[in-house]
Amino acid sequence: MIEMRIVFIGPPGAGKGTQAERLVAKYRMAHLSTGDLLRQASDAKTPLGLKAQEYMSAGKLVPDALIIDLIRERLVQPDCDKGYLLDGFPRTIVQAEALDVVLAQRTTPLNVVLELHVAEDELFQRLASRGRADDKPEVIRHRLETYRLQTEPLLDYYRSKGLLKSIDGTGTVEDVFGRAQAVLEPFA
Ligand code: B4P
């Protein structure tokens, strides 16, 4: 199997984590979720985790420099040699440019950027019923606005590079998984 390098983009609650678990099992890639890495650091009360926690609980993005260091360290772990799915990274243009530099140094370009598209009303309902610490209504609203302002510009960034593929993130988890596989299969 050829190694795949995929970026997963979508608003909070679109189901990136849910689909990522299934996709990495199917295509045997490493799963790099910056949200999970930050929550682990926060649970372990490392200096990075404590700092990240302040931003996450307010629905803000963690500063680019922290995230970029975190992902740079993660990408050199041996399990990434078999390909990886970046779940929730990059979330800003600065992060995307930093990723481009790392990938160019390693001569390993991305195969595809997959956008999961879900309308805001449904996102709000999904997150409110999940009930994680950062899923309080006012925090959800702030996270959705942050997505619009800071992450949505990445769609044009990757569209202009010919990498963007968008799928509908509504319907059952299996429906969405089917759409994601249809996009990724040609790269497998
Ligand atoms: P993340 O952990 O990335 O979380 P998320 O965007 O909220 O959720 P995701 O889209 O993965 O949804 P999920 O599958 O869980 O980020 C959390 C925070 O970390 C950010 O706010 C930020 O502070 C920080 N952070 C992370 N990365 C960063 C970065 N690069 N830069 C700066 N800061 C960063 O699904 C959500 C819910 O929907 C679940 O309950 C699920 O069961 C349900 N669901 C899934 N699919 C469904 C379907 N098809 N139908 C109905 N419900 C569904």
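Is Arg 28 buried or exposed? In this predicted model, Arg 28 counts as exposed, because its relative accessibility is 60% and the cut-off for exposed is over 50%. Arg 28 sits in the loop that links helix 1 (16-27) to strand 2. Its phi is positive, at about 50°, although Arg 28 is not a glycine.

Lys 45 belongs to the loop between helix 2 (34-43) and helix 3 (47-57). With a relative accessible area of 60%, Lys 45 is exposed.

The overall fold comes next. The chain holds nine helices and five strands. Read from the N terminus, the order of elements is β-α-β-α-α-α-β-α-β-α-α-α-β-α. The radius of gyration is 16 Å, close to the 16 Å given by the globule rule for 188 residues, so the chain is as compact as a globular protein of that length. The C-alpha trace spans about 40 × 40 × 30 Å along its principal axes.

Of the 188 residues, 47% are buried. Contacts between residues at least 6 apart in sequence were also considered, and 75% of these join residues at least 24 apart. The accessible surface amounts to about 9,400 Å². Carbon and sulfur atoms account for 53% of that surface. The chain carries 25 positive and 27 negative charges.

Strand 3 (residues 83-87) is mostly covered, with five of its five residues buried. In a regular strand the side chains alternate between the two faces of the sheet. In strand 3, Gly 83, Leu 85 and Asp 87 point one way. Tyr 84 and Leu 86 point the other way. Residues of both sets are buried.

Strand 3 pairs with two other strands. Strand 1 (residues 4-9) pairs with strand 3 in the parallel sense, over five bridges. Strand 2 (residues 30-33) also runs parallel to strand 3, and four bridges join the two. Asp 87 takes part in both pairings: Asp 87 is the bridge partner of Phe 8, and Ser 33 stands opposite Asp 87.

Which loop holds Pro 90? Pro 90 lies in the loop between strand 3 and helix 5 (93-106). The peptide bond from Phe 89 to Pro 90 is cis. Its omega is near -5°.

Arg 5 is part of strand 1. The cut-off for buried is under 20%. With neighbours within four places in sequence left aside, the contacts of Arg 5 include Tyr 84, a residue of strand 3 that is itself buried. Arg 5 also touches Thr 108, Pro 109, Leu 110, Asn 111 and Val 112. Arg 5 and Asn 111 are 106 residues apart in sequence. In space, their C-alpha atoms are 5.5 Å apart.

Key. Residues numbered from 1 in each chain as written. Predicted model: local features only at pLDDT ≥ 70, side-chain atom pairs only at ≥ 80, totals over all residues. Heavy atoms only, no water. Rg over C-alpha atoms; globule rule 2.2 N^0.38 Å. Buried < 20%, exposed > 50% of the residue type's maximum accessible area, 1.4 Å probe, protein only. Contact = heavy atoms within 4.5 Å. Areas by Shrake-Rupley, 256 points an atom, 1.4 Å probe, with all protein chains shown as cover. Lys, Arg positive; Asp, Glu negative; His and termini not counted. Charge placed at Lys NZ, Arg CZ, Asp CG, Glu CD. Pairing = 2+ DSSP bridges.
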